[in-house]
Amino acid sequence: MGHATACAERRQHGCLVAKATAELTEHDEVVSARSLITFENVQLALAAGLEACQRNGDIDPAADARQLAGLLLAVHRGIEALGKAGFDENALRSMAETALAALPRPPR
């Protein structure tokens with residue numbers, strides 16, 4: 001399956017966590033709690049990756065990896081929503097690249 005096909009399918013079906021969060025969290029405490037845990041786990045995984053980047057000298061070691069992970073999670077969720085709304089794949093890729101380029105680099 002090609003990348004374009006996968007993107008088209010994602011637009012049609014969407015992320016199960018995103019749909020459950022949007023549709024059910026106001027009415028279902030279990031879904032709300034599980035969605036929160038899922039997003040917190042994603043943020044922790046992103047933070048771990050950012051900490052590895054800090055150890056490798058790619059990201060400023062003084063930066064708060066958890067806060068940066070929250071930013072990346074928010075950007076990811078926003079890109080997902082914009083993709084579902086029909087934004088062009090090149091525009092979405094550009095947004096992701098811009099977010100990554102904005103991460104703090106180590107001082108020289």
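1. Gln54 first. Leaving aside neighbours within four places in sequence, Gln54 is in contact with Ile59, Asp60, Pro61, Ala63 and Ala65. Contact means heavy atoms within 4.5 Å. Gln54 is found in helix 3. Its side chain reaches the backbone oxygen of Asp60 at 2.9 Å. That is a polar contact: a pair of N or O atoms within 3.5 Å, where, within protein, one must be able to donate a hydrogen and the other to accept it, and residues adjacent in sequence count only if both atoms are side-chain atoms. Gln54 is buried, with a relative accessible area of 13%. Buried means under 20% relative accessible area, exposed over 50%, and partly exposed in between (1.4 Å probe, protein chains only).

2. What kind of model is this? It is a predicted model: local features need pLDDT of at least 70, side-chain atom pairs count only at pLDDT 80 or more, and totals for chains, interfaces and linings use all residues. Residues are numbered from 1 along each chain as its sequence is written, and side-chain values use heavy atoms, with hydrogens and water left out.

3. The mean pLDDT of the protein chain is 82, and 73% of its residues reach 70 or more. pLDDT is the predictor's confidence in each residue, from 0 to 100. Over residues 1–13 pLDDT stays under 50; the model has 16 contacts beyond four places in sequence for them.

4. The overall layout comes next. The protein chain has five helices and zero strands. From the N terminus on, its elements run α-α-α-α-α. Helices (H or I, at least four residues) and strands (E, at least two) are DSSP runs, numbered from the N terminus. Of the contacts with a separation of 6 or more, 52% join residues 24 or more positions apart.

5. Now burial and surface. Buried residues make up 20% of the 108 residues in the protein chain. The chain exposes about 7,400 Å², and carbon and sulfur atoms supply 58% of it. These areas come from the Shrake-Rupley method with a 1.4 Å probe; for residues, only the protein chains shown count as cover.

6. Which residues make up the largest nonpolar core? There are eight: Ala47, Leu50, Ile59, Ala65, Leu68, Ala69, Leu72 and Leu103. Helix 3 and helix 4 (65–84) are the elements that give two or more residues to this core. Helix 4 gives the most, with four residues. A nonpolar core is a set of buried Ala, Val, Leu, Ile, Met, Phe, Trp, Tyr and Cys residues joined through side-chain atoms within 4.5 Å. Ala65, one of the core residues, is in contact with Ala47, Leu50, Glu51 and Gln54, leaving aside neighbours within four places in sequence.

7. Gln43 is found in helix 3 (residues 29–55). Is Gln43 buried or exposed? Gln43 counts as buried because its relative accessible area is 16%. Leaving aside neighbours within four places in sequence, it is in contact with Arg66, Ala69, Gly70 and Leu73. Phe39 is also found in helix 3. At 18% relative accessibility, Phe39 counts as buried. Phe39 and Gly70 are 31 residues apart in sequence and 9.5 Å apart in space, C-alpha to C-alpha.

8. Last, helix 5 and its cap. Asp88 sits in the loop between helix 4 and helix 5. Asp88 caps the N-terminal end of helix 5, with a side-chain oxygen 2.8 Å from the backbone nitrogen of Asn90. At 46% relative accessibility, Asp88 counts as partly exposed. Helix 5 itself has 13 residues (residues 89–101) and, at 1.5 Å a residue, should span 18 Å; its end C-alpha atoms are 18 Å apart, which agrees. The expected span is 1.5 Å times one less than the number of residues in a helix.
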